[in-house]
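Subject: Structure handover

Hi,

Here is the structure I promised to pass on to you. Please have a look, and then read on for what turned up in it.

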Amino acid sequence: MAQWERLRELPAVYRQQLHELYDRDALPMDVRHYLSVWIEKQEWQRAARDHDLAMVLFQVLLENLDIQHSRFIQEESFLLQHNIRRYKQNFQTSSQQDLERKMAGLRNEVQVQILLLYVIMLCFCMEHAMLCLEEQQDEFDFKYQTHKMEGDTLSDLNKLLDKAEHLIEILVKKELVDWQRRQQKSYIGAPDNVCLDQLENWFTCVAVSVFQVREFLGKLDELVGKVSYANDPVKTQKPALQKRADTLLKDLLKSSFVVETQPSMPQGKGPLVLRTNVQFSVKTRLLVKFPELNHSMKVNVSMDRYRRFNVLGTKTKALNMAESQSGGMVADFRHLISLSVTEELHIIYFDTVFEQKGLSVQLEASSLPVVIISNSSQQQSAWASVLWFNMLCQDTKDVMFFANSPAAPWPVFGEMLSWQFLSATKRGLNDTQLEMIAHKLFGKGQDYNTCKVAWSKFSKENTPDTFWVWFDGILVMVKTYLEDLWRDGHIMGFVSKGKEKSLLKKKQRGTFLLRFSESVIGGITFSWVDITITGEPDIKTVQPFTKVDLSQIPFHEIIRNFQILEAENIPENPLLYLYPNTPKDEAFGKYYSDKSGGKGIKLYVHGSPCCPIQLKNLIKQIAPLRDRALCCPLYFGLVV
């Protein structure tokens, strides 16, 4: 039995001690409860001794909190999602506060060293006057003390650069990498924060501090020019310090030039899919913010520089603060056009030169891989490529990724599918819906967490029945025609026929549910409980409705006015209670366009054959709604 389960079963007298233990904020009980399985599998004693492992576990903890938060959003658990978000922010705040303390320490020590330099220089000015007054012994003693002071100062400068190097490593190898991964996931629907303001503050703070060290070293050069002697530590140690400071600055600056907003078309379905001869936009940003460089750094754009590729539009723009809401240094390219289509993935490159206080650094940034299409019919498969790449690949320059694409683990794949609904309709998929999808992909009775989805099964060119074609057809239908019903939780959606029958057969007559068709692309249907003459439950289902139907009459009106004609030609609406037991009008009433009700549309015929006159009249009623072939004695949308 898991440790947490055993703790929960403790006698009452011990449970009180457990509650007192978790009253503290270090590890809230909610986090211990929902992440208990993961927590108990980690090597915490080793992490207490190994800083790198501790940092890895900390990041995984934050990711698990993100996943749990997404689940609560999908389940509409308002209080729980609030608590989990607050706990994650507390953890992050603690980490960020530690980073901020290190930044402040670096700033303060730089200022102290600068002040010390001016004291040294003042001492030398005084020494110049004293040379005329003091004896050689006093001069020797003064130089000896100055020599000792310079050595201590240079040693302190080296320690400052150690701290700066540590912070740069955190910023470049962790914070920036984390942001880049969050940005990747955000472009495929993940609700991740990709604001760059905090990173910009951190990058700028470290850059300013190291620039001040460089200026300090320059002042030491002036000092050597005034007074020098054998074995002067400034002469022997300053060049290495200067080189180290320049190297640190170059490493920081080269990572500070990023693509803030990835390429996208104004009317495109999603980012990173571009169409030939159609304008697209992209925005770059320099995270080291020096206002004096406003409008002075020119950014050039090019695409796949080693391939034959052309881009039309303004290829050079200046980094400026006017085009950024936060006042950052950005270059916003809004009118670029691609002219050619070659391989599947392409990268857009940007380059500029940073020149400040005698330091010149060539900077380069690159976009996430984009897919370029020539017509709208390629949009669906192109977006599938974008999803697959950004879900699985963290090497953002791997344009040959699809030459040997890995399979997607089900937990990662299922989360990505949920993001598609979350970003399109603000309601993701719950565990039950994801389980139905897993059942469709892998079959019944498996441990889905160990299953993987191959790229060829997800989306393969010239294959009409891939999973993505089916899933995307549903997503488009929901976004276009059913968004309100889906967001309000009225559509069960992803539920198999077998599961549907097991749910409905236990319910009262007239209970119905709405589900997506497994065989018709972009189709939705409903099933309800009827009772046979022997008193047994009988589950009936109608043929799926598609965008052709829903574009002519809203789905809630179809549900409202749906009727069948029994053998006695008495029309009846068999849909009474939305599963599990909500009266139909209570669930759908707020969507009705005519609150007083309307004439029921006899959409379906059920029972004995109708006479020709009855069929003719029925055809006239529904002809504006659907154009289907007549099949006597039953009419379109068969009840099965």
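Let me begin with K357, which sits in the loop between strand 8 (348–356) and strand 9 (359–366); helices (H or I, at least four residues) and strands (E, at least two) are DSSP runs, numbered from the N terminus. This is a predicted model, in which local features need pLDDT of at least 70 and side-chain atom pairs count only at pLDDT 80 or more, while totals for chains, interfaces and linings use all residues. Residues are numbered from 1 along each chain as its sequence is written, and side-chain values use heavy atoms, with hydrogens and water left out.

Backbone

K357 is not a glycine, yet its phi is positive, at about 55 degrees. With a relative accessible area of 47%, K357 is partly exposed (buried means under 20% relative accessible area, exposed over 50%, partly exposed in between, with a 1.4 Å probe and protein chains only). H295, also a residue other than glycine, has a positive phi near 70 degrees. You will find H295 in the loop between strand 3 (279–286) and strand 4 (298–303), partly exposed at a relative accessible area of 44%.

There is a cis peptide bond to look at too: it joins Y579 and P580, with omega about 10 degrees. P580 belongs to the loop between strand 18 (577–578) and strand 19 (582–583).

Aromatic rings

How many aromatic pairs does a search of the whole structure find? The count is 36, where rings of Phe, Tyr and Trp (its six-membered ring) pair if their centres lie within 6.5 Å; planes under 30 degrees apart count as stacked, over 60 as edge-to-face and the rest as tilted. One of them is F512 with F588, a stacked pair because the ring centres are 6.3 Å apart and the planes lie at 20 degrees. This pair links distant parts of the chain, 76 residues apart: F512 is in strand 13 (residues 511–516) and F588 in helix 19 (residues 584–588). F512 is buried, at 0% relative accessible area, and F588 is buried at 0%.

Surface charge

Finally, K444, K499, K505 and K506 form a positive surface patch. K444 lies in the loop between helix 13 (431–442) and strand 12 (452–453), and counts as exposed because its relative accessibility is 72%.

Best wishes

How values were computed:
Patch = residues over 30% accessible without salt bridge, like charges linked within 9 Å, V, L, I, M, F, W, Y side chains within 5 Å. Areas by Shrake-Rupley, 256 points an atom, 1.4 Å probe, with all protein chains shown as cover. Salt bridge = Lys/Arg side-chain N within 4 Å of Asp/Glu carboxyl O. Lys, Arg positive; Asp, Glu negative; His and termini not counted. Charge placed at Lys NZ, Arg CZ, Asp CG, Glu CD.
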